[in-house]
Amino acid sequence: MRFSRLLRGALRALVSHMFPGCAPSVLLPAAAILVPLPAAAQPAVGEHRTPGGLTFRYAHMPSAPYQTIRFAWRDDYVLGGKVPSGVWTLGPALVLQGPQGMTRGEFIEDLKDLDTRIRLTSGPRGMMGFLHTTPDHIEGAVSLLARTLARPALDERRFRRISRRLQLSANRQEAKGYNLAHCVETYLLFPEGPVRRWLLGYKSNYKKVSIGHVRQWQSAVFNRRGLMIAAAGSLRPEKAAEQIDKLFGHLPPGDGAASPLEIPRHSPGRSVVMVRDVPQTVLVMTGWGGFDHTADRAAGRLANSILQLRLYKAVREELGAAYGVSASFFRPVSDPYILILSTAVAHDQAPAALKVLKQTFQDFTRRGVTSAELAAEKSKLINRLRQRYQKAAGASAAMLGAMLDGLPADTVETAPARVAALTVEQVNGAIGRKLRGRAYATIVVAPSAKGFAADCIISKTREARGCR
């Protein structure tokens, strides 16, 4: 049995979530002239309630060609260790095989006939879903997804095939330099528990999961308790409310309220070299920053873009040591974000590249950004936000993200204005408070530790547990 395009896409999204920064990325200065979109293009977001009593946020976009419904649950069931962490990956993949009484082939054909995309992903931040279709097909698409959520087939034969594929994929991923560095990073930053096991993505994650675990998870999570819903499209809000009731009204109410779980974290400022025969030396600098989902998030996005440009210029253009450099913020569970700086370089240039990487970052945290850098990145970010929010899929994604973070309904509408209002003093103040003076780990994956000042030299990723 082959995976459908939908399922492959869902698993790719999960793998990229599990292995952040595993492929070098380059953020180049934009070559095209960015023409700011008018503020009037922003959708108005309202709080609504369905006849069945479900609350949701909605952006009415009369000319939108597609209708989108996004939803999420907090998943304290896996996070609390009640089933193995591999359920976060296996569970959505199995549910996406379709509802009871329908073969997988019939399910995929119905999705194609309805011009509909459905996606389910899960992880430490929660279970998230996505339905994207045309207004003409919304009723059929909602009916199909409602059946899938309420009565997924959860077939044993399909489960075994998906599990085997995930195990094979995990084996292939483990040997790659960036993934080795990511695993070392995970051992350094997280204690033993579901989050660390999920982020590591080892084959054993899936071997420990039975179809009974998936059934327990589906029964515990798929209910109306704590359900968050964000939708956008051309339907009138009252019509969208009717479809939302049809989609979720059949789910059980659920018991009690979800309890937020605090995830312990480590902040080791250690230098670890993992000796492996890799084609290029992988360099990573990582640790818990101070940026979170509140007012400083926009400043963090701008700072990250400017930092990546500087790293690219320093490591690629001036030193000529890499094809790309990545600077990113990653938040696997809750605040704050993890800072990850990474690149892959020729072995003989690695010590010099690591020195430049650290110096560039230190200079960035001391001096901050310039007015010219900030103006250019603000223009790009505002334009990206407005383009994203002109589409139902983008607007609903932003709304759901705000709901997960406990932010108000007008977050989407006001985002471009908040970015535009940021001053260089505010951004530099945030950089100083959120990034300067924190403990960051250095991780090197190379054929030899020679040339690196290492606190810890290892040959297996699990040995990083003793390097904190």
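Modeller: Before we start on this predicted model, a term: buried means under 20% relative accessible area, and exposed means over 50%.

Biologist: Fine. Which residues of β11 point one way, and which the other?

Modeller: A441, I443 and V445 point to one side of β11, while T442, V444 and A446 point to the other. All of these are buried.

Biologist: And how many residues of β11 are buried, going by the strand as a whole?

Modeller: Six of its six residues, so β11, residues 441-446, counts as mostly covered by the definition of buried as under 20%.

Biologist: What does β7 do with β11, parallel or antiparallel?

Modeller: Strand β7, residues 271-275, runs parallel to β11, and five bridges join the two. Within that pairing, V272 stands opposite I443.

Biologist: And β8, parallel or antiparallel?

Modeller: Strand β8, residues 281-288, pairs with β11 in the antiparallel sense, over five bridges. There V284 is the residue opposite I443.

Biologist: So what stands opposite I443?

Modeller: V272 and V284.

Biologist: New topic. How many salt bridges are there?

Modeller: The count comes to 13. One of them is E373 with R310, where the closest N and O atoms are 2.7 Å apart.

Biologist: Where do E373 and R310 sit in the chain?

Modeller: E373 is in helix α14, residues 371-389, and R310 is in helix α12, residues 296-318. The two are 63 residues apart, so the pair links distant parts of the chain.

Biologist: Is E373 buried or partly exposed, and why?

Modeller: Partly exposed, because its relative accessibility is 23%. R310 counts as buried because its value is 18%, and the cut-off is 20%.

Biologist: What about D363, which residue does it bridge to?

Modeller: R367, with the closest N and O atoms 3.0 Å apart. Both lie in helix α13, residues 350-367, four residues apart, about one turn of the helix.

Biologist: Which of those is exposed and which partly exposed?

Modeller: R367 is exposed, with a relative accessible area of 63%. D363 counts as partly exposed, at 22% relative accessibility.

Biologist: And E377, what does its side chain meet?

Modeller: The side chain of K380, in a salt bridge of 3.1 Å, N to O. E377 and K380 are three residues apart in helix α14, so about one helical turn separates them.

Biologist: Buried or exposed, those two?

Modeller: E377 is buried, and K380 is buried too.

Technical notes: Residues are numbered from 1 along each chain as its sequence is written. This is a predicted model: local features need pLDDT of at least 70, side-chain atom pairs count only at pLDDT 80 or more; totals for chains, interfaces and linings use all residues. Side-chain values use heavy atoms; hydrogens and water are left out. Buried means under 20% relative accessible area, exposed over 50%, partly exposed in between (1.4 Å probe, protein chains only). Two strands pair if DSSP finds at least two bridges between them. A salt bridge is a side-chain nitrogen of Lys or Arg within 4 Å of a carboxyl oxygen of Asp or Glu.
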